[in-house]
Number of protein chains: 6
Amino acid sequence: MSKKIVTFGELMLRLAPERYYRFSQAGSYGATYGGGEANVAVSLANFGLKAAFISKMPEHEIGQIGINSLRKYGVDTSFIARGGDRVGIYFLEKGASQRPSKVIYDRAGSSISAASKEDFDWDKIFENVQWFHFTGITPALGDNVAEICLEACKRAKEKKITVSCDLNYRNKLWSKEKAGRIMEELCKYVNVCIANEEDAGDVFGIKAKHTDITAGKVSHEGYKEVAQELKTRFNFSKVAITLRSSISASDNRWAAMLYDGKEFFFSREYLMHIVDRVGGGDSFGAGLIYSSINDYPSQEAIEFAVAASCLKHSIEGDYNQVSVDEVKKLAGGNASGRVER
Amino acid sequence: MSKKIVTFGELMLRLAPERYYRFSQAGSYGATYGGGEANVAVSLANFGLKAAFISKMPEHEIGQIGINSLRKYGVDTSFIARGGDRVGIYFLEKGASQRPSKVIYDRAGSSISAASKEDFDWDKIFENVQWFHFTGITPALGDNVAEICLEACKRAKEKKITVSCDLNYRNKLWSKEKAGRIMEELCKYVNVCIANEEDAGDVFGIKAKHTDITAGKVSHEGYKEVAQELKTRFNFSKVAITLRSSISASDNRWAAMLYDGKEFFFSREYLMHIVDRVGGGDSFGAGLIYSSINDYPSQEAIEFAVAASCLKHSIEGDYNQVSVDEVKKLAGGNASGRVER
Amino acid sequence: MSKKIVTFGELMLRLAPERYYRFSQAGSYGATYGGGEANVAVSLANFGLKAAFISKMPEHEIGQIGINSLRKYGVDTSFIARGGDRVGIYFLEKGASQRPSKVIYDRAGSSISAASKEDFDWDKIFENVQWFHFTGITPALGDNVAEICLEACKRAKEKKITVSCDLNYRNKLWSKEKAGRIMEELCKYVNVCIANEEDAGDVFGIKAKHTDITAGKVSHEGYKEVAQELKTRFNFSKVAITLRSSISASDNRWAAMLYDGKEFFFSREYLMHIVDRVGGGDSFGAGLIYSSINDYPSQEAIEFAVAASCLKHSIEGDYNQVSVDEVKKLAGGNASGRVER
Amino acid sequence: MSKKIVTFGELMLRLAPERYYRFSQAGSYGATYGGGEANVAVSLANFGLKAAFISKMPEHEIGQIGINSLRKYGVDTSFIARGGDRVGIYFLEKGASQRPSKVIYDRAGSSISAASKEDFDWDKIFENVQWFHFTGITPALGDNVAEICLEACKRAKEKKITVSCDLNYRNKLWSKEKAGRIMEELCKYVNVCIANEEDAGDVFGIKAKHTDITAGKVSHEGYKEVAQELKTRFNFSKVAITLRSSISASDNRWAAMLYDGKEFFFSREYLMHIVDRVGGGDSFGAGLIYSSINDYPSQEAIEFAVAASCLKHSIEGDYNQVSVDEVKKLAGGNASGRVER
Amino acid sequence: MSKKIVTFGELMLRLAPERYYRFSQAGSYGATYGGGEANVAVSLANFGLKAAFISKMPEHEIGQIGINSLRKYGVDTSFIARGGDRVGIYFLEKGASQRPSKVIYDRAGSSISAASKEDFDWDKIFENVQWFHFTGITPALGDNVAEICLEACKRAKEKKITVSCDLNYRNKLWSKEKAGRIMEELCKYVNVCIANEEDAGDVFGIKAKHTDITAGKVSHEGYKEVAQELKTRFNFSKVAITLRSSISASDNRWAAMLYDGKEFFFSREYLMHIVDRVGGGDSFGAGLIYSSINDYPSQEAIEFAVAASCLKHSIEGDYNQVSVDEVKKLAGGNASGRVER
Amino acid sequence: MSKKIVTFGELMLRLAPERYYRFSQAGSYGATYGGGEANVAVSLANFGLKAAFISKMPEHEIGQIGINSLRKYGVDTSFIARGGDRVGIYFLEKGASQRPSKVIYDRAGSSISAASKEDFDWDKIFENVQWFHFTGITPALGDNVAEICLEACKRAKEKKITVSCDLNYRNKLWSKEKAGRIMEELCKYVNVCIANEEDAGDVFGIKAKHTDITAGKVSHEGYKEVAQELKTRFNFSKVAITLRSSISASDNRWAAMLYDGKEFFFSREYLMHIVDRVGGGDSFGAGLIYSSINDYPSQEAIEFAVAASCLKHSIEGDYNQVSVDEVKKLAGGNASGRVER
């Protein structure tokens, strides 16, 4: 039987007003769960792979429901440590047209951010595992979590488990300086580096030229240099960068580049009407892991990852809910959206 | 008082997650009813015509509610046979952007698919009737239904009732080969033939050149030949073909062509943001029947039918809920969507 | 402490089917409140200013809830007269794509339309006030209300309170002839005149050249003359005209022009996906009042007002729910809609 | 084929917060339709009888939807006059436990209240009719409506149509004095008189002894005299009085008495958990009409009517949605509420 | 690690109008899943045991979501066969007060009812298993399913797995005669027999004296003889009978009796306000299995099972969502329902 | 103009699944706000009094919305300090029948719990104030908050403001020992002491005899001694104790006792069907403050307070939404719940 993929991070309760209501108008919040690494695990499980998510969750119902939300899609939750007081929360107000989406975090003091090394037995977790994934959010949760993450990376390296990291810089959690310092250490153990159009600049000061993100202009070419410099500094085997051009909160262009250490592969670009933009990057990560595990040629690999994440933008919630067949159909060029009967 | 239009087919329970939820996310389904011929009847009733729908429905509440959904709009349901076990169901997941809509049918064993000739007294049904309409779905429900349909067509012919048929090929219900064979027989009695950009090819092997539907490219010119060949083979008095260019699940271009045996009339083309695409073709059929009954000149007729169906795409559910005035306003060129106070 | 802005008009109960449901499909109505002048008051309160709304509302719950909806945002409601029988209602069906939004008014006999001069003590109301605002809807409610409005204008003038008026012509309420006659009288007291692309023509017969509103074509240049003529006739200190090009019910272009008596200032133009179009003009008025009170230079002033109202179009309900910071960000050029975390 | 029952009155839009929300908490209103006589018509149609409802409704959508709500259940709406400005509205807040339900009427100026004699051609309406029903609300809508009602009563008498009247006193619509005077005149034409435990007292000053309604105490015996006096004064062939003991807004006891001019028949009494209490009396009226038309013996007749209305209290909305079978099962003694599979 | 409990049967899609709406009023259906044996599995998983559910489900989304609904609670679904066309459906209308709940089944042709022996490898399924449970519904699905069930029973016997069966007679699925014949054969392999107050009579003709279920009267004593005769005929080690006294659709009394072959143990009786009555018996079965596996003394065992099912009646949906702690608290006598903070 | 009542405490975001859903079933949470002292302020504002609420709330939207929820009802929020990071949250699962309601607190680190003395200028806050109210929850939030509370009490004493305190013991926030010690100090400044049937025992070890709360038995007489001892120890001018007998989560008996230092006054007892039990005690406190300020005689005072809180139990959310008229009607004996038209 196939080996597992393990992801490690925080699972948050996501509270979001329905439709396009502003916070001040909402009488109720849709209650789902999400978080970078959990999103990757769910997407991989939906692709039919064996995925396990590692974290720490309180024993009460608000913690249990988060676990249920993963089990529902077949994610292995048996290694999630239980204990602590609270589930981190993020409030999400969906934007539209010129009005941006808004996220308010309320994650301080969550069980995972207060976890200790003893909560995780990596030897056991990494039994029969082929891939380990985390994002830059995990070490940003606290020095203790950064240390746990480092330990996991080292153990993965020993066991020849492929390690991927999505840089995912969050300025509410740590400074660019601290992010740079800690990610530098972690990236030594990383094989596959994933970033969006801003991360490399924020974390490592490696910026793309000719790009003005606020104005919705993204120079695809400028990212070749970014990837190359990342590769040079950390000896990644692969670097993948997503390229979002934000026309408005409702319309984005979406593409990505894969650098395999030798060549650069650009995906086709999609013009997307956005249903839910959160988790877009994570669904890309999952797509890339899937196509890597299945040894797709580089061009196909990046097309698969971008098609997967393109579809995610049409789906409510953090989790990507698409099958391999659906992704392949889009990656293969069928973007007409005709009814399937 | 004006004569009735009669349509004959299956009325299904439509179960659809709200908004853009995938099936796997839905905790409830919006429950409405729909089906090609019922959709036409409702649309005609909303235009102020007398429309009757013929089918067979179980006596229990799930059957009765379907009938209620028609009575609500004034459709005559008094000839619907009652009995059998179940209402056919279709599950509909609405697509968005690059993600297509998805339909799962659960219609086997429905009351209408198990109906027999004795359920329908066409002599009584066709009293004071001017038009009979069915689609290719009806005979596809089973050989028994195909025979009932044939009987209805013959009786209509005898009574000089105009017969229209929307080819509406469904590959889940029958093979192209079988569809071709049975529709060939039925089309002998048909005066007005309606088809979408794929039907003539699927049913009769008559394909438009220079058209790649999956890629969203539709050659309007290629359909002239299609119409002409249909006319030649079946001696239809009119052939109308809808021309959908699917840019994405959210955006379609929509137009149609009418061939009156002499000339070809192309409607203007609309770029539509789609609210609900199901029933789009049926609303076109209803528009065409309305404009035919009211002796609109061909160009006006096709503009009316296309405007009616264009509006349908902005309306939830299978049924088109527009008045003649609303259609005329759009057909007359006012597509600016300004608030009407 | 800063002085108040006072607005005077009708507050209606707004009953609207959810999403894009037609009236005939709705099993429930979203119940909010709105009205030109109340919308301005709420928007100003959301900008952090002190705003008071003046009207008359019945004592029962349907009246009280309207008041609650204003208090929620900090609007001063202490001068609203209580009494009379009913709250005016408007039913709103939201349009989509080629299908226009539809408004059905049921406002006859509302408390404010039956109010008398004794209901309002303008001397007290105007204590510590810097600005008075009304729209053309208020005097259209009845001759009694027109007289009350005139009294308010006169008293404002005496107290050197700036008076603004949004012409806002409603053909369901009065004829163009009557509107012209009464507005002529009221405009003598007005300093700042606000109008949309049709109002000056409807009320005063001053039409822009080269403009076909139904076709979605608006000649920005033609409005220079309109503004100039308005200025000439009424000696307004400022004339602001909003310029909406309606592509469809879902997409509008939006811009405005400000004439300060010397120069013309055109804002940038936004292409908007519309969430809710009602109250768009009112949010513009509030933006203009805010920027005027804060002595913005003319170009900044019009950019602020247009950005505020652009954001309104992405928000459900009549009330604009945006902060000064949010407006400034957009007015400053950041329209990419990227998530704010 | 069986003859029709005709009812005449006002159909109102009913706006009610969901569940037990107070008005001040509701963000939306459930939107249904109801009115004493329409409720009777729907209930009779649900019993399988031919029922027609007569009223006047505006031509716009808010009027049309009311008509749709009747057509849905098969009520004949073809004699409803169209025109006028508005649909009467009532706001309903559902009570619970010690908190009473609350109704706010907003019905002044409705189309039916402004109707004229010319709107109704009673000769045509009364073709093939066996029964005419109205309630005391109809003549209370205005002197014009009282006159129309009187005309209908006279014409019914001439045609030997049975006339029933539910006294249904509404103190918001007219004084007891005026009600008494006008109902006196109308009751001359009435065969079957229906009243609740307060009506005879309010309208004709005929009060039951030993009854304190506010305290939830109802002396069944005291109503014998009330019925007898009604019979004596108006020569009714039957008098039926419903006997509600209100324990709380959530729990009521419910029974009724039928006086056939000779004997008194008391139904069994039900202890009901209330889902929706509005329309309870109307569903009793419909039950009585049904059992009268079907010549039930008096004891069975009153049991049927009470069982029908008992079931109504478990159903949301004004309309009673029960079949004859369901009523018979309860009237026959099966009140255990066991699941029917 | 503890051994598994395996249950085998059909998982249906349950479609239920919200709250107390009748079918004819519902615009949407809550969509959950349920079925006797699946309900037991979920309840056991919620008690912290390892439970696996065996069935056959189609591969499409409507099948997958059913599986998701089980995985969410940690039920092992890895042995569910995939294939076939449809998921059985049941429509549920919730009753209130005197109005009974109503179930409409639409389960013919479901994947499990069309399953064959090859779909299930009982040797593999029964690895590391301690208990096997099914209900009388499973063999009623078809002769093929009855045979599969018999095979499972035999294999369980060989492996010394305890077998429990809930008689659960459904007259829509088979005649009493056929049920008796087939259940007779299956019961030879059953150790623990569960029945409600009607089942033994329906299936085996063993009726309790002095009991009139429709009238809500249940003679607890009469069930001693029923249990004894069941024991005598089938040599069950335990017989448990639930005793429901239905006061109304809203209020039931609920208790049960356990016969351990020697003594009779009656639980305390609960007066329940019913939130959702479906699955009440299944939650009792799960409670009994839990208390049996944990070797509770008989009185404690029956109290646990009844308390568990009492709580189920307060919970929406088929699945019982309670923890062992919650059940113990109630079984221990704390039924005051005070808020737990 | 009348003087204000000031209350001081925490305002929490309340997240509650709809209806009777368990946490594990909820896809969304109703989002309202509540907290002991805020609930009192809203209830007093709804009684027409001037009420101000004092707390500290973050500046972001989740804080602002809480303030909006108070402004909506006219509560003065101008002295609420702004700052800090988060709003305390409580998750509420509503119980039914034998299943208790469940509260999960997530309030650590809220803005008010991290407030400092500098955040509140009591001299300004207490301008034109007649009454100050807090509950035992406020000092339990932290030593800093206890100190602020003590300061407020002292300042109130100096200004001859009446001070009331609801003991309201919360074992999740502090130990009984600590509660006793700190409340002892604060109670020196309290004039009116409010408690439920457990508080005096939990906080001060003063227990009622012959009472077993879990079993739903409450000895009204035993509370006389409790009140007397409280009076003796703290020299309260009034002691009021609510007496809840919990029959189940759905049904409670509700009464209270007032001790004015001389006599004991027992209210009538209500049997309540519970819609929402949270805030029941707070609504009692508000009723008592209202009746005290209005100098009601003791028996009337306690009847008013109990009637007010009885009505609260029929209302969703923490806030009591009733008028003085409504309370008086119930307190005056009209508990029949008949519809008010």
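User: Which residues of H10(E) are buried?

Analyst: In this predicted model, helix H10 of chain E runs over residues 298-312 and spans 21 Å from its first C-alpha to its last, close to the 21 Å expected at 1.5 Å a residue. The helix is mostly covered, with 12 of its 15 residues buried. Those buried residues are E:Ala301, E:Ile302, E:Glu303, E:Phe304, E:Ala305, E:Val306, E:Ala307, E:Ala308, E:Ser309, E:Cys310, E:Leu311 and E:Lys312.

User: What covers the buried residues of H10(E)?

Analyst: The helix has 15 residues, and 12 of them are buried. The cover drawn from chain E includes both strands and helices, namely strand E12 (238-246), strand E13 (251-259), strand E14 (264-266), strand E15 (270-273), helix H9 (280-293) and helix H11 (324-331).

User: Which element supplies the largest share of the side of chain F that touches chain D?

Analyst: The contact joins 21 residues of chain F to 24 residues of chain D. On the chain F side, strand E15 (270-273) and helix H10 (298-312) each supply at least two residues. The largest share, 3 residues, comes from E15(F).

User: How many nonpolar, polar and charged residues does the side of chain C that touches chain A have?

Analyst: In this contact 21 residues come from chain C and 24 residues from chain A. Two or more residues are given to the chain C side by strand E15 (270-273) and by helix H10 (298-312) of chain C, with E15(C) providing the largest share, 3 residues. Divided by class, the chain C side has 9 nonpolar, 8 polar and 4 charged residues.

User: Is E:Asn128 buried or exposed?

Analyst: E:Asn128 lies in the loop between helix H3 (122-125) and strand E9 (129-135) of chain E. This residue has a positive phi of about 65 degrees although it is not a glycine. Since 11 other C-beta atoms lie within 10 Å of its own, E:Asn128 is exposed.

User: What radius of gyration does chain A have?

Analyst: Chain A contains 11 helices and 15 strands, and its C-alpha trace spans about 50 × 45 × 45 Å along its principal axes. Buried residues make up 63% of its 341 residues, and among contacts with a separation of 6 or more, 70% join residues 24 or more positions apart. A compact globule of 341 residues would have a radius of gyration near 20 Å, which agrees with the value for chain A, 19 Å.

Notes
Residues numbered from 1 in each chain as written. Chains lettered and ligands numbered in written order. Predicted model: local features only at pLDDT ≥ 70, side-chain atom pairs only at ≥ 80, totals over all residues. Contact = placed C-beta atoms within 7 Å. Helix = DSSP H or I, 4+ residues; strand = E, 2+ residues; numbered from the N terminus. Expected span 1.5 Å × (residues − 1). Buried ≥ 20, exposed ≤ 12 C-beta atoms within 10 Å, placed from the backbone. Nonpolar A, V, L, I, M, F, W, Y, C, P; charged D, E, K, R; others polar. Rg over C-alpha atoms; globule rule 2.2 N^0.38 Å.
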